[in-house]
Amino acid sequence: MIRELQEGLFAGGSAEEMINSLFEKIRRSRLNAYNHIAEDQALERAREFDRSPWEGSLAGVPIAIKDSISTRGIETNCSSRILSGYVPPYDAHVIERLKEEGAIIIGKTNMDEFAMGTSTETSYFGPTKNPWDLDRVPGGSSGGSAAAVAAGEAPAALGSDTGGSIRGPASFCGIVGIKPTYGLVSRYGLVSYANSLEQIGPLAMDVEDAALVMEAISGHDPRDSTSVKSEGGYLSGLNGGVEGLTFGVPKEYFGEGVGEGVDPEVERSVWDAISKLEELGASWKMVSLPHTKYALAAYYIIAMSEASSNLARFDGLRYGLRLGADQDWHSTFSEIRAAGFGPEVKRRILLGTYALSAGYYGRYYLKALKVRTLIKQDFERALSSGGADLLVTPTMPFPAFKIGERIEDPLSLYMADVFTVPINLAGVPAISLPCGFADGLPIGLQIIGRHFDEVSLLRAAKAYEDATPYHEAVPKEVI
């Protein structure tokens, strides 16, 4: 899609007309996928492109950005009242890279408040709707980015993934989403939720577009001490096929274990995908990830603990929401945070603070870190001595659920991440792409790779995508 768009622009098409058409579509949309559109900045950049087209892998391409990624001159509020009106004075590293490659930033997409959620229902701006069914969620927390791409309101978008927040929405919206290896993409400029878990990644309509954006945003950034140099090669390695590869199928994800609650249609579609990969020349074998059953509990203790620390900086005294100017500091601080944070954010701050408190740090947080190490070792064994080159699982245990169906039951929402959070704990890369439908709703296939082996991950995903029609389906809202 991106290549075709660029060919049209360089053949004499108008970037300004394209951007205006996109904004008109966004204004008519019923999805609530955007919090802000950067109309003035985007149109000015489009006019510059029309006057003198520049080079770059994303030259002239409109890109939507999750509202937790800093964009200079464009409000960034993480879908939270407490950051209302905050306009960053700097760009995140990934935004700098996109601009260097010629992309045009068109707006900020809706999300779960501070990326805390699985459905984009905790946003201060209201829920985003799934373009396949407006009564259903698009997934979260990058639901706005996924819905915008699926509905044709952006050719590609950036999201962030802390426990499945790119892959979950990609699955629910029938598109491609990549969670890179931890450290492959700089987190400089990403408003932190859980530093040791989250990664920025692309959402796109197909694997090639996702690889193109990955190529642009990955690489070392001296401002992020956890980032590493990238070998790249994601595009050049796309067409190698899967012949000779061995896919591991974790037995815990099917039948007993964490797979007990999986929808039968989801399980059938994933097994059909495994059969398709076998037809393409790959083989598969059962592997074991024995500590997976502890992943969800460990993840939420770690994530909430890190969140309680990270969100302590939001007090309304320097930027964002300001209330109670005539009160003492303690009263002002408490009033601002009480009014500025939503219920889910407050819940996670409280639970994280409890887990880190004296007498409980060792019982909960330290134990969760030890479990995390065991989970990481499980993945390393399965992808080395276990004989698997890649792992394949469902992305989500069920298709998109209805808006309001689970939001009052936090535990049922947390359980939706059961197939995705182990990947963040282990720090390995994973991709979600469509592999079927259940009652007209997309089903996602998750492929998991070795650390920093995104090339194999994308190659396998491209081979499967080329052999199946699912990525060509169009949601009702687009039709």
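Predicted model: local features only at pLDDT ≥ 70, side-chain atom pairs only at ≥ 80, totals over all residues.

Residues are numbered from 1 along each chain as its sequence is written, and side-chain values use heavy atoms, with hydrogens and water left out.

Q: Why is Ser 123 called buried?
A: Buried means under 20% relative accessible area, exposed over 50%, and partly exposed in between (1.4 Å probe, protein chains only). Ser 123 has 8% relative accessibility, so it counts as buried.

Q: Where is the place of Ser 123?
A: Ser 123 is in the loop between strand E3 (104-109) and helix H5 (143-150). Helices (H or I, at least four residues) and strands (E, at least two) are DSSP runs, numbered from the N terminus.

Q: Which residues does Ser 123 touch, not counting residues up to four places away in sequence?
A: Contact means heavy atoms within 4.5 Å. On that count Ser 123 touches Ser 79, Asn 110, Met 111, Asp 112 and Glu 113.

Q: What lines the second largest pocket?
A: A pocket is an open set of points on a 1 Å grid, with protein on both sides within 12 Å along at least five of seven lines, and lining residues have an atom within 4 Å of a point. The second largest pocket is lined by 16 residues, with Glu 113, Thr 122, Gly 342, Pro 343 and Glu 344 nearest its centre. Helix H10 (329-340) and helix H11 (343-356) are the elements that give two or more residues to this lining. The largest share, 3 residues, comes from H11.

Q: What makes strand E7 largely enclosed?
A: 5 of the 5 residues of E7 (residues 246-250) are buried, so E7 is largely enclosed by the rest of the structure. Thr 246, Gly 248 and Pro 250 point one way, and Phe 247 and Val 249 the other way. In a regular strand the side chains alternate between the two faces of the sheet.

Q: How do you know that E7 pairs with E8?
A: Two strands pair if DSSP finds at least two bridges between them. E7 and strand E8 (residues 283-287) are joined by 5 bridges and run parallel, with Gly 248 opposite Lys 285. Strand E9 (residues 390-394) also runs parallel to E7, joined by 2 bridges, and there Gly 248 stands opposite Leu 391.

Technical notes:
1 Å grid on protein atoms, 1.4 Å probe; cavity = no way out; pocket = protein on both sides within 12 Å on 5 of 7 lines; lining within 4 Å.
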